[in-house]
Every structure is written in structure tokens, then in C-alpha cells.
There are 2 protein chains.
Amino acid sequence: MKIREIGEFGLIDKITGRLGRGDDSVVVGIGDDAAVTAYAQGHHVVTTTDMLVEGVHFRSDTIDDRSLGYKSLAVSISDIAAMGALPKHAVISLAIPVEMDVERLEDLYTGVADICEEFQTTVVGGDIVKTSGPFVISVTLLGQVEAGRALLRSGAKPGDLLFVTGTVGGSAAGLQYIQQQHSEGVVPTEVADPLLQAHQRPRPQVEAGRLLLESGVCTSLNDVSDGLASECNEIAKMSGVTLVLLAEQIPLHASVRRYAEISGQQAIDWALFGGEDYQLVGTMQPDSAEQMQALFEKNGLTCTVIGRVTDGAVGVTLQRGGQTYELKPRGYNHFG
Amino acid sequence: MKIREIGEFGLIDKITGRLGRGDDSVVVGIGDDAAVTAYAQGHHVVTTTDMLVEGVHFRSDTIDDRSLGYKSLAVSISDIAAMGALPKHAVISLAIPVEMDVERLEDLYTGVADICEEFQTTVVGGDIVKTSGPFVISVTLLGQVEAGRALLRSGAKPGDLLFVTGTVGGSAAGLQYIQQQHSEGVVPTEVADPLLQAHQRPRPQVEAGRLLLESGVCTSLNDVSDGLASECNEIAKMSGVTLVLLAEQIPLHASVRRYAEISGQQAIDWALFGGEDYQLVGTMQPDSAEQMQALFEKNGLTCTVIGRVTDGAVGVTLQRGGQTYELKPRGYNHFG
């Protein structure tokens with residue numbers, strides 16, 4: 001079905017029908033000039049926004065629409081998690097090619113509803129417009145954090161330990177797996193499935209962010225959207241320190257290691273330069289590793305020390321196989 | 001200069017250099033995973049979002065880039081004003097065609113800085129991505145309002161008076177003036193200038209919205225983004241009432257009347273169906289017109305009674321020249 005058959009308002013009805021109404025914090029939801037939301041006393045509001053363009057950030061041959069809906073919000077929820085905050089309310093705007101099928105948008109919002117339910121987040125507004133160009137998704141997400149407690153990129157100090165949550169490299173490995181279109185049987189299902197999950201349905205680390213904030217020993221935090229190299233450089237720059245990253249300590253999922261062997265790739269490159277893992281990377285006070293790891297373990301999560309902070313020149317050095325390298329951001333520059 | 005010559009980060013530096021840092025309510029601004037902002041105790045957060053696409057919502061032959069930057073935020077500030085709220089913090093995302101000149105974006109952000117200064121609003125974040133399609137601007141604006149006091153579309157009651165602030169029809173007349181490309185001298189400057197201003201630099205009615213909220217007698221409110229016909233129908237629908245709109249009472253700027261004569265158009269059509277005036281239309285309790293008009297006058301503003309609320313079928317009737325018409329929304333349906 002084409003959108004012109006049901007009109008803009010018919011489409012909005014179909015979409016909003018999939019979304020929950022939210023809790024008491026939603027005073028006025030979808031349907032007026034603006035949404036009205038309430039935040040806990042003594043808290044600040046945390047706001048992040050991300051724009052995704054078809055053909056640049058996603059392609060329909062590498063991600064299905066329901067996963068795309070999930071991932072569109074996951075990207076922003078991850079930014080909120082990287083502040084140690086809780087996601088609360090989202091607004092979503094779409095620029096839609098006029099010939100797009102309504103079913104694609106219904107699937108997209110099913111994925112949005114999935115992640116909203118998982119993270120107790122409510123869509124409170126949005127805008128829908130047409131475009132002569134590619135499909136564009138713009139998400140703005142509001143969260144809340146205890147006043148004065150937000151975890152920034154700028155607090156790393158010499159002597160601190162560098163850590164990352166979960167495992168990294170899975171999303172980039174998953175994208176490569178999809179794009180390679182391997183013959184049947186080349187990559188076992190138990191290897192492929194976790195990679196697909198990592199690329200198409202990355203789980204933002206809200207709980208880890210909360211543990212890090214509550215621990216009181218996390219000194220800086222960032223989410224892994226552009227690869228460890230880029231994210232570590234951001235912390236180094238904002239904190240005015242050197243980060244020393246130990247390649248052998250970087251936690252890789254077993255499927256990532258297996259797929260690297262099968263495809264003849266370097267797994268570490270996916271972790272350093274791939275991005276879209278949406279884990280958290282940051283620094284914590286010296287001697288706090290055991291306490292933090294116990295806290296994470298108790299909550300079914302992992303936190304791995306992958307290096308340390310020193311007071312050299314601003315930047316990141318990588319130690320690997322007894323050698324030391326300067327690790328440049330190689331961050332994603334859209335216009336490069 | 002093309003963006004690839006300075007890169008994404010060079011562009012961000014050029015843009016952020018034009019923007020103010022804001023007041024104490026900005027705890028963490030541009031540069032981390034998310035912004036952190038504080039709102040006054042006892043207040044709720046008001047959020048609105050709008051997406052503008054080149055060729056659909058604006059064209060470079062009808063608006064210059066600095067005015068476009070101003071208007072991009074004016075659209076959202078107007079939604080905040082229509083809740084009786086104060087605008088505070090904005091995030092702006094852009095999908096940029098790779099060949100776009102950096103100078104266009106610098107002009108755009110000069111206009112953004114203009115309106116931010118005028119309305120004490122701070123840009124606290126955003127996203128910049130490339131697109132193979134038209135230029136897309138997505139603005140999300142956060143404001144604050146006293147808890148439980150936001151002015152909704154749903155409160156109109158039979159017996160209430162229908163009003164509009166300022167004058168309407170100027171933006172549509174201005175667009176027509178630009179598109180007609182009249183020969184020199186056909187339209188005097190004193191007629192043309194207010195029309196151009198109305199179309200390219202519409203001033204959102206934040207102060208009027210605050211007066212309406214503080215008055216305690218405003219029962220519903222909406223902003224005039226899609227023309228009076230559409231906006232009145234929204235109030236009628238959300239409140240479950242009939243609005244009776246008196247055509248002869250609708251306030252038109254003298255330039256709109258003059259230009260209607262010159263161009264052989266019906267000025268009232270611009271007011272009813274044109275849109276983009278960003279005035280406020282709403283209802284107030286019976287017998288409160290004098291009080292409200294005095295309040296507005298004291299603040300150098302105007303508020304005109306243009307009809308009343310009755311308890312008939314949900315919808316809007318227009319009384320004009322002794323006749324009564326049913327006034328359909330004719331709202332802007334992008335996909336119609």
C-alpha cells in the first residue's frame with residue numbers, strides 16, 4: 001500500500017497505534033503542538049539526537065525494517081547510557097520517499113515499539129514529511145540523570161584504568177558477513193547469528209551506564225559508535241591525557257574470532273575501526289577494577305580493563321605484540 | 001568552499017563558533033554524547049520537533065539561507081509558544097548534499113544564532129550527515145512550562161470566544177509576491193516589505209503565549225502553521241465542539257489587503273488556507289475579551305475575537321457576507 005492511498009493522517013494513525021502511551025512522566029503525548037513530560041526532582045534532562053540516511057547509514061539489503069526501527073533508537077539510547085542516564089522520551093521524524101510502502105513503516109515502528117518496551121521509553125511526538133531523496137530518520141531522545149552526576153568524556157586522569165563493557169567488533173564483523181554473501185555452510189549458524197544480532201539489533205548498555213554512575217569511581221565515559229580508536233581519542237582529547245590501549249586485552253566475542261579465521265580478517269580491526277558496537281568505553285579510578293568487575297558480574301554483565309591513562313601528549317597509543325603504535329582516530333568522516 | 005575541503009569536524013567548528021554558550025540551564029552543551037540541561041523546579045519539559053526538506057518546505061529562490069536558519073527554529077519556537085511555554089534548548093540535525101557550499105551553512109547558522117539570541121534559546125547539540133538527496137533540516141526544541149499549566153488544543157467549551165493574535169495571511173501573501181516576480185513598481189516597497197518579512201522571518205508569539213497562560217482564562221491554544229481553517233478544525237476536533245469563525249473579524253495586515261487588491265486575490269484565502277503565519281489561535285472564557293485585549297495592548301500586542309464556540313457537531317463553520325459555510329481543514333497533506 002502506498003502512503004498517498006491512506007494520506008499523512010492515516011499513516012500517523014497506523015504508526016501511533018503501535019506505540020505505548022507511557023507512564024506518569026508523559027503528561028501530554030502525541031497529538032498537540034508539543035509533548036509535555038515530567039522528570040524526577042533533583043534530576044537534569046539529557047538530550048541526544050541522531051540522523052540516519054538510507055544509503056549512508058543503512059541499506060535495506062543489510063538490515064530489515066523492524067531491526068532498523070530498533071537500531072534507530074538504540075543509537076540514541078546508547079548516547080544516553082554513555083552519560084550514565086536513563087532514557088525516557090523520544091521524538092522521531094521521518095522524511096519519506098513518496099513511493100515507499102506503508103508496510104515498511106509499519107515494520108519500522110514495530111521495531112521502535114520493541115526497543116521502547118525493552119527500555120521503558122515512550123515516543124511522545126514526531127514529524128512526517130515527504131522527500132524526493134532517500135529515506136531519512138531523525139531521532140531525538142530525552143533521558144534523566146541525577147543533577148551533577150552525568151558521566152562526561154572529560155574526566156580521565158593519569159593513573160586511571162581504561163575499560164570497555166561487553167565485547168566489541170561484532171557489529172562490523174556482522175556487516176561484513178552480510179555483505180560477503182557466503183555460500184551455505186561456510187559460516188556455521190552459531191557463528192553467524194551473534195554477528196547478525198550485533199549488527200542489526202545492538203543492545204544499548206543502559207544498565208552498565210547506571211552501574212558505572214552508581215559506582216562513584218567511573219571518571220569518563222563514551223559509547224562505541226565509531227570504533228574504539230575513535231572513541232578513545234575523544235576521551236583523550238576531552239580529558240587532555242594519553243590513553244594506552246592494550247590490544248591483547250580487548251574483549252572479542254568467540255564468534256568474532258571464529259569469523260575472522262574463516263574470512264581471513266584481523267578481528268582487532270573490527271574492534272578498533274568498525275564501530276556500531278554500542279558498548280561503553282571509559283576510565284575508572286586506580287585500584288577500582290576488582291570492585292567494578294564484581295559489580296558487573298553480580299548484574300550479569302562484564303567490564304574489562306583494556307589499558308590505562310598516562311600524562312603524555314594528548315592521544316592514544318596501542319600496544320600490540322610488544323610494539324607501540326600511535327592510534328589515530330580514523331573516525332567516520334562523512335564528507336572525507 | 002566545499003565541505004570535503006574542511007571535513008565534518010571543520011564544519012562543526014565553523015558552525016559552533018557562531019552559537020552562544022547559553023545560561024546556567026546549560027550544564028553540558030555541544031561536544032559530549034548528549035547535552036545536559038536543567039529546568040526550573042515545579043516545571044515540566046515541553047518538546048516539539050519539525051523536519052524541513054528543500055523543495056518541499058523551502059526553496060532557495062524564495063528564501064535566503066540566513067532567513068531559512070531563522071525560520072527553521074521559528075517553526076518550533078511557535079509550537080512551544082502554543083503551549084504557553086518558554087523555549088530553552090534546541091538540537092539541530094542536518095542531512096547535507098555533499099556538493100553544498102560551506103558558506104550556505106554558515107549563513108544558515110547566522111540565522112539560527114539571530115533567533116536564539118532573540119528568544120534566549122541555546123543550541124545544545126545536533127548531528128551532521130551527508131545525503132544523496134535534498135537538504136534536510138531537523139529541529140527539536142525543548143522548553144519549560146509551569147507543571148499542569150500547559151495550554152492544550154482540547155479545552156474549548158461552548159460559550160467561549162475564539163481569538164487570534166496579531167494578523168494572519170501575511171506569509172502566504174509574501175510567498176505569492178516572491179513567486180510572481182512582479183515588474184518593478186507594481187508593488188510599492190511599503191507593501192512588499194512586510195509581506196517578505198512575514199514569509200521569511202515570521203516571529204513566533206512566545207510573549208503572547210505567556211500572557212495567555214498567565215491570564216488564566218485561555219481555554220485552548222494552537223499555532224497557525226497550516227492556516228486558520230486547519231488549526232480551528234484541530235481545536236474543534238480535540239475539544240469536541242463547533243467553532244464559528246466570522247470572516248469579517250479576521251485581522252489582516254494593511255499590506256495583505258493592499259497586495260490582494262493589486263494581485264486580484266482574496267486576502268481571506270491566505271488567512272484561512274495559507275499558513276506559516278505562526279500567530280496563535282485559541283479560545284478564552286466568555287466575557288474575558290476586554291481583560292485580554294487590555295493585557296495584550298499593555299504589552300504592545302493585539303488579540304482579536306474572531307468567533308465563538310458552540311455545542312453543535314464537531315467542526316468549523318464560517319460566516320461570511322450573511323452566509324454560513326462549512327469550513328473544511330484543507331490542511332497541508334504532504335502525501336495527498
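The legends below describe close-up views of a predicted model.

**View 1. A six-stranded open sheet with strands from chains A and B.**
The strand order is S1(A)-S2(A)-S3(B)-S6(B)-S4(B)-S5(B), and the pairing is mixed. From one strand to the next, the twist averages 20 degrees. Within this sheet, strand S4 of chain B (residues 86-97) and strand S6 of chain B (residues 136-146) run antiparallel and are joined by nine bridges. One residue to look for is B:Pro87, whose bridge partner in S6(B) is B:Gly143. Helix H6 of chain B (residues 206-215) packs on the sheet, where it touches S4 and S6 of chain B. The direction of helix H6 makes about 30 degrees with that of S6(B).

B:Asp127 lies in strand S5 of chain B. The relative accessible area of B:Asp127 is 17%; buried means under 20%, so this residue counts as buried. B:Val91 is 36 residues from B:Asp127 in sequence, and the two are 8.2 Å apart in space, C-alpha to C-alpha. Apart from neighbours within four places in sequence, B:Asp127 is in contact with residues of both chains: A:Thr49, A:Asp50 and A:Met51 from chain A, and B:Ile92, B:Ser93 and B:Leu94 from chain B.

**View 2. A second open sheet of six strands, also with strands from chains A and B.**
Here the order is S5(A)-S4(A)-S6(A)-S3(A)-S2(B)-S1(B), with mixed pairing. On average, neighbouring strands are turned by 20 degrees against each other, direction ignored. Strand S4 of chain A (residues 86-97) runs parallel to S5(A), and nine bridges join the two. For A:Ala90, the bridge partner in S5(A) is A:Val123. Helix H3 of chain A (residues 102-118) packs on the sheet and touches S4, S5 and strand S6 (136-146) of chain A. The direction of helix H3 makes about 170 degrees with that of S4(A). Helix H6 of chain A (residues 206-215) also packs on the sheet, touching S4 and S6 of chain A, and its direction makes about 30 degrees with that of S6(A).

**View 3. Helices H1 and H3 of chain A.**
The axes of helix H1 (residues 3-16) and H3(A) come within 11 Å and cross at roughly 10 degrees. Angles under 35 degrees count as roughly parallel, so H1(A) and H3(A) are roughly parallel to each other. From H1(A), the residues that meet the other helix are A:Ile3, A:Ile6, A:Leu11, A:Lys14 and A:Ile15. From H3(A), they are A:Val102, A:Leu105, A:Glu106 and A:Tyr109. By class, this contact has seven nonpolar, no polar and two charged residues.

**View 4. Helices H6 and H10 of chain B.**
H6(B) packs against helix H10 of chain B (residues 289-298) at an angle of about 140 degrees, with the axes 11 Å apart. That angle makes H6(B) oblique to H10(B). The crossing of the two helices is right-handed. B:Ala208, B:Leu211, B:Leu212 and B:Ser215 in H6(B) meet B:Gln291, B:Met292, B:Leu295 and B:Phe296 in H10(B). Sorted by class, the contact has six nonpolar, two polar and no charged residues. H6(B) is mostly covered, with eight of its ten residues buried. Among the buried residues are B:Val206, B:Gly209 and B:Arg210. Just after the helix, B:Gly216 takes a positive phi of about 75 degrees.

**View 5. Strand S10 of chain B and its partners.**
Strand S10 of chain B (residues 280-284) is mostly covered: five of its five residues are buried. B:Leu280, B:Gly282 and B:Met284 point one way from the strand, while B:Val281 and B:Thr283 point the other way. Strand S7 of chain B (residues 161-165) pairs with S10(B) in the antiparallel sense over four bridges. Strand S8 of chain B (residues 218-223) also runs antiparallel to S10(B), joined by five bridges. B:Met284 is the bridge partner in S10(B) of B:Leu161, and B:Met284 is likewise the bridge partner of B:Cys218.

Key
Residues are numbered from 1 along each chain as its sequence is written. Chains are lettered from A and ligands numbered from 1 in the order in which they are written. This is a predicted model: local features need pLDDT of at least 70, side-chain atom pairs count only at pLDDT 80 or more; totals for chains, interfaces and linings use all residues. Side-chain values use heavy atoms; hydrogens and water are left out. Two strands pair if DSSP finds at least two bridges between them. Axes are lines fitted to C-alpha atoms, for helices over the stretch in contact, and angles run from 0 to 180 degrees between N-to-C directions. Contact means heavy atoms within 4.5 Å. Buried means under 20% relative accessible area, exposed over 50%, partly exposed in between (1.4 Å probe, protein chains only). Angles under 35 degrees count as roughly parallel, over 145 as roughly antiparallel, 65 to 115 as roughly perpendicular and the rest as oblique. A crossing is left-handed if the near helix is turned anticlockwise from the far one by less than a right angle, and right-handed if clockwise. Ala, Val, Leu, Ile, Met, Phe, Trp, Tyr, Cys and Pro count as nonpolar, Asp, Glu, Lys and Arg as charged, and the others, Gly among them, as polar.
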